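Me: I have a structure open and would like to go through it. Can we start with the overall layout and then turn to the ligand?

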Amino acid sequence: MPGKLYVVSTPIGNLEDITLRAIRILKEVDLIACEDTRVTKKLLSHYQIQKPVTSYHKHNEEVKAKELLSLLEAGKNIALVSDAGTPGISDPGYRLISLSQEKGIELISIPGPSAAIAALSVSGLPTSSFSFFGFLTKSSKKRREFFESIRESSQTIILYESPNRIIETLYEILEVLGDRQVSVSRELTKMFEETLRGKISRVIEILKQKEKIRGEFTIVLQGKVNETVVPKDIIEKELKVFREKGLSLKDTVKEVSRKLRLSKSKVYKEALKVFKAS
Ligand code: SAM
């Protein structure tokens with residue numbers, strides 16, 4: 001009988017975030033395939049689990065997947081874990097899992113934490129439909145092209161980002177997609193856990209005030225919001241009200257777009273018509 005491959009989620013910081021079933025499975029399997037044996041050994045020793053571990057990481061994934069598959073075919077039960085969270089989610093795992101699936105090995109999920117879902121769950125942004133893109137390419141040009149490609153999507157977007165690039169990435173999003181709502185979670189489940197929510201420009205300001213930006217970041221970004229339909233006569237009335245208060249054209253447009261939740265460009269177009277005519 002071939003063995004089973006258990007895909008086991010482990011904590012993303014706080015060691016208590018592991019299921020009872022995950023602990024039992026880690027105790028029962030013949031072998032634990034992990035990324036960095038030092039990281040996994042800390043978790044195992046915390047739960048007094050003594051099992052052989054073998055490293056399976058992005059640099060040896062291809063060779064190691066075949067090796068582990070032979071063990072599974074020979075009847076060994078293996079647990080696959082990563083350094084943190086769910087294996088295969090921006091972590092090694094896919095090759096072994098897909099190969100096992102092709103060869104008819106039984107795959108069993110032992111679900112648990114993932115930073116993407118944890119960050120989404122506290123973001124305050126719509127959760128009914130979302131896209132996860134993990135880490136973006138390092139090329140600034142390609143990142144911009146990517147943001148262009150999702151401009152029209154109304155889905156909430158989840159991204160992983162490093163502390164070194166978090167501000168740069170937020171600036172790029174701001175430039176390409178506008179000042180949307182964002183929720184930036186740092187160090188979830190750890191001592192310095194923090195989630196910053198608000199317009200992208202505001203979150204950038206807060207991050208820039210920090211002496212040093214540390215930790216692991218997950219960005220949850222609002223999708224495109226369809227503008228509400230506001231009758232033209234209401235826009236016109238509001239424009240006149242603010243203008244009569246003595247505001248400049250620019251400030252009038254700003255105030256009306258804020259009040260009616262419309263884009264500035266739309267209100268500006270109306271303003272040109274209204275004030276040209278009067
Ligand atoms: N497999 C993991 C999972 O399911 O969440 C993700 C692994 S990926 C290599 C690591 C990235 O996940 C980090 O760079 C960060 O973007 C995000 N991340 C991991 N732990 C986090 C945490 N505690 N708080 C916020 N983001 C975290």
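**Ligand and domains**

Reply: One point before the rest: this is a predicted model. In it, a backbone N or O atom of Thr86 lies 2.9 Å from an oxygen atom of the ligand.

Me: How much of the ligand does the protein bury?

Reply: The protein buries 91% of the 580 Å² that the ligand exposes when taken alone.

Me: Which pocket is the ligand in?

Reply: The ligand sits in the second largest pocket. Strand S7 (156-161) and strand S10 (217-221) are the elements that each give two or more residues to the shell around the ligand.

Me: What kinds of residues make up that shell?

Reply: Eight are nonpolar, six are polar and five are charged. Of the 19 residues around the ligand, those that come nearest include Ile89, Ser114 and Phe217.

Me: Switching to the layout, how is the chain divided?

Reply: Into domain 1 (4-113), domain 2 (116-221) and domain 3 (232-277). The centres of domain 1 and domain 3 are 59 Å apart, taken over C-alpha atoms.

Me: Where is the ligand relative to domain 1 and domain 2?

Reply: The ligand lies between them, because both domains give residues to the shell around it.

How values were computed:
Residues numbered from 1 in each chain as written. Predicted model: local features only at pLDDT ≥ 70, side-chain atom pairs only at ≥ 80, totals over all residues. Heavy atoms only, no water. Domains from an automatic or database assignment. Near = heavy atom within 4 Å. Polar contact = N/O pair within 3.5 Å; in protein donor to acceptor, adjacent residues only side chain to side chain. Areas by Shrake-Rupley, 256 points an atom, 1.4 Å probe, with all protein chains shown as cover. 1 Å grid on protein atoms, 1.4 Å probe; cavity = no way out; pocket = protein on both sides within 12 Å on 5 of 7 lines; lining within 4 Å. Sits in = over half its atoms within 2 Å of the grid points. Helix = DSSP H or I, 4+ residues; strand = E, 2+ residues; numbered from the N terminus. Nonpolar A, V, L, I, M, F, W, Y, C, P; charged D, E, K, R; others polar.
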